[in-house]
Amino acid sequence: MGVRFFWAVLAMAVVVTASNYLVQFPVQAQIGALDLAEILTWGAFTYPLAFMVNDLTNRHFGPTAARKVVFVGFAIAVAMSIALASPRIAIASGAAFLVAQLLDTQIFHRLRTALWWKGPLTSSITGSIVDTLLFFGVAFAGAFAFLDTGFGYEDSSLGFAVPFLSIFAFETPLWVSLAVGDFLIKIIMALVLLAPYKILRSMIPDRVIAA
């Protein structure tokens with residue numbers, strides 16, 4: 001596998017580490033009555049790239065190699081996340097990343113012979129659902145505050161009530177509003193990334209390798 005495999009691992013580690021760090025920062029902007037800081041973090045724009053890296057690796061090397069990229073990228077990303085963020089963020093990110101990316105690998109492989117866009121779009125959306133639920137639940141729900149206090153950190157839970165998506169009359173915990181906003185951006189990004197995926201797939205041969 002050589003150099004190309006190394007670049008796949010490196011790309012995965014960079015994307016996930018950047019996302020782990022950026023997810024702590026809400027987007028400070030407003031569109032009309034919509035306060036983006038209450039529904040969106042910068043990590044939502046970078047994390048979907050991990051699914052594209054996974055899918056392109058799967059396409060070129062097959063699912064077994066893609067899983068290796070996931071595991072190696074997972075280990076590097078968690079180690080770097082601990083240095084850049086809190087242990088709670090690292091645990092939440094690691095768990096969400098591992099489950100979502102392995103699911104993405106399996107779904108993409110099953111759909112690799114379907115229309116070119118079905119594999120990456122279906123696997124990315126499904127993985128995004130799982131990733132969003134796991135990450136925001138563990139990282140910011142009050143039930144997991146012990147992951148902060150157990151390591152000597154202040155409770156970073158985002159359980160205080162805000163208007164849902166900052167524009168609806170009813171209120172939800174901030175982490176729920178952030179999770180929904182994050183997921184909506186991931187869906188948009190999954191659609192946008194189909195364009196570079198199509199370009200890159202034309203340059204990367206499809207090697208059908210057994211799982």
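The legends below describe close-up views of a predicted model.

View 1. Ser123 is found in helix H6, which covers residues 118-140, and is buried, with a relative accessible area of 0%. A polar atom of the Ser123 side chain lies 2.7 Å from the backbone oxygen of Gly119, and the side chain of Ser123 also reaches the backbone oxygen of Pro120, at 3.3 Å. When residues up to four places away in sequence are left aside, Ser123 touches Asp55, Asp104, Ile107, Phe108 and Lys118.

**View 2. Salt-bridge network of Arg88, Asp148 and Asp155**. Arg88 forms a salt bridge with Asp148, in which the closest N and O atoms are 2.9 Å apart. Because Arg88 lies in helix H5 (residues 87-110) and Asp148 in helix H7 (residues 146-149), this pair ties together parts that are 60 residues apart in sequence. The side chains of Arg88 and Asp155 meet in a salt bridge with an N to O distance of 3.4 Å; since Asp155 lies in the loop between H7 and strand E3 (161-163), that pair ties together parts 67 residues apart in sequence. Arg88 is buried at a relative accessible area of 0%, Asp148 counts as buried at 1%, whereas Asp155, at 45%, counts as partly exposed.

**View 3. Salt bridge between Asp182 and Lys186**. The closest N and O atoms of Asp182 and Lys186 are 2.9 Å apart, and both residues lie in helix H8 (residues 174-192), four residues apart, which is about one turn of the helix. Asp182 counts as buried at 2% relative accessibility, and Lys186 counts as buried at 3%. The structure holds four salt bridges, including this one.

Technical notes:
Residues are numbered from 1 along each chain as its sequence is written. This is a predicted model: local features need pLDDT of at least 70, side-chain atom pairs count only at pLDDT 80 or more; totals for chains, interfaces and linings use all residues. Side-chain values use heavy atoms; hydrogens and water are left out. Helices (H or I, at least four residues) and strands (E, at least two) are DSSP runs, numbered from the N terminus. Buried means under 20% relative accessible area, exposed over 50%, partly exposed in between (1.4 Å probe, protein chains only). A polar contact is a pair of N or O atoms within 3.5 Å; within protein, one must be able to donate a hydrogen and the other to accept it, and residues adjacent in sequence count only if both atoms are side-chain atoms. Contact means heavy atoms within 4.5 Å.
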